[in-house]
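Trainee: Could we go through this chain together? I would like to begin with the strands.

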Amino acid sequence: MKRFLSLLLCLALLALWGCVPPEEQEEESRKHNFLQSESRTPEELAILGEKTVILDPGHGFEDPGCEYPNNGIIERELTLVLAEKIAAVLEGHGVSVIFTHMGEGFPGREALDALAKEKGYDLDTYLTHLITAFSGRDGAAVEETVTAFGAGVNGDGVFDTFERAYYANLQGGDLFLSVHINASGTNAYAAGSDLFICSDTPHEAFSAELMEAMEASLLHAFPARRVGTRTYPWDGAFVVTKYADMPSLLLEAGFASNSGDAAELTDPLWQDTFAVAVAEGIEMYLLGF
């Protein structure tokens, strides 16, 4: 009886697959083959060698992020570890990686302004255009938002999200990935990874493609893991997902407040597997899958 039911299930799945247009079947097969492969073709390496990724280890310095010492997790330390491992995989395939910081220091307001002048980057002009076109604001509301952004770029001991987006824009890149660790103060069972983008930017469609590729790669590496995807409008989105002038994704790797997630997040072997999955998600997007 069990064999009969299994056969029926297989036939049903085959029938459903047969309803999928051939071009979609081919695309899914390409993605599957890419994720199954541990190597890159010369053509793929040539493309990746021309790409630049901005990696942002979340929090740091005076801002520790979430702290769960009993689980061995301080967010600002762990995000740097994960980002470095992701970078190692990407760089191994020729991708150029720029960190917003390496845990040792970050540019203050004067350094950021000097870099902007050097590169001829007019941030206010860009912000005015972006906010007017994609957030529904106009007039004084635009000026207030641009002023608030400028006020967020300061020289204190916190490398805040405004500064990170500003720095990323000055450097330029093909995508921006901010790595974080999640936590829940009310639900110890909350677990898994979460991906966030903003819907109201010039890069919305590309950010969505990046999120889709990252979701596919994480689920391929961790089939039993929950991977949530969330798209927020301008007012509700994280700063780095709406002010970065490139496709932008915020990744919550797991929950420090969950004992199972915490055990994985602090396991070097799990970190290595996770870093490969994240890097593959990035490369899938960069290669146009």
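Mentor: Strand β8 (residues 248-255) runs parallel to β5, with six bridges between the two. Strands here are DSSP runs of E with at least two residues, helices are runs of H or I with at least four, and both are numbered from the N terminus; two strands pair if DSSP finds at least two bridges between them.

Trainee: Which residue of β8 does H180 stand opposite?

Mentor: That residue is E252. This is a predicted model, in which local features need pLDDT of at least 70, side-chain atom pairs count only at pLDDT 80 or more, and totals for chains, interfaces and linings use all residues. Residues are numbered from 1 along each chain as its sequence is written, and side-chain values use heavy atoms, leaving out hydrogens and water.

Trainee: And what pairs with β5 over five bridges?

Mentor: Strand β1 (residues 52-57) does, also in the parallel sense. There, D56 has S178 of β5 as its bridge partner.

Trainee: Is β5 buried or exposed?

Mentor: Eight of the eight residues of β5 (residues 175-182) are buried, so the strand is largely enclosed by the rest of the structure. Buried means under 20% relative accessible area, exposed over 50%, and partly exposed in between, with a 1.4 Å probe and protein chains only.

Trainee: Which side chains point which way?

Mentor: L175, L177, V179 and I181 point one way, while F176, S178, H180 and N182 point the other way. In a regular strand, side chains alternate between the two faces of the sheet.

Trainee: Changing topic, how many helices and strands are there?

Mentor: The chain has 12 helices and eight strands. Of its 289 residues, 45% count as buried.
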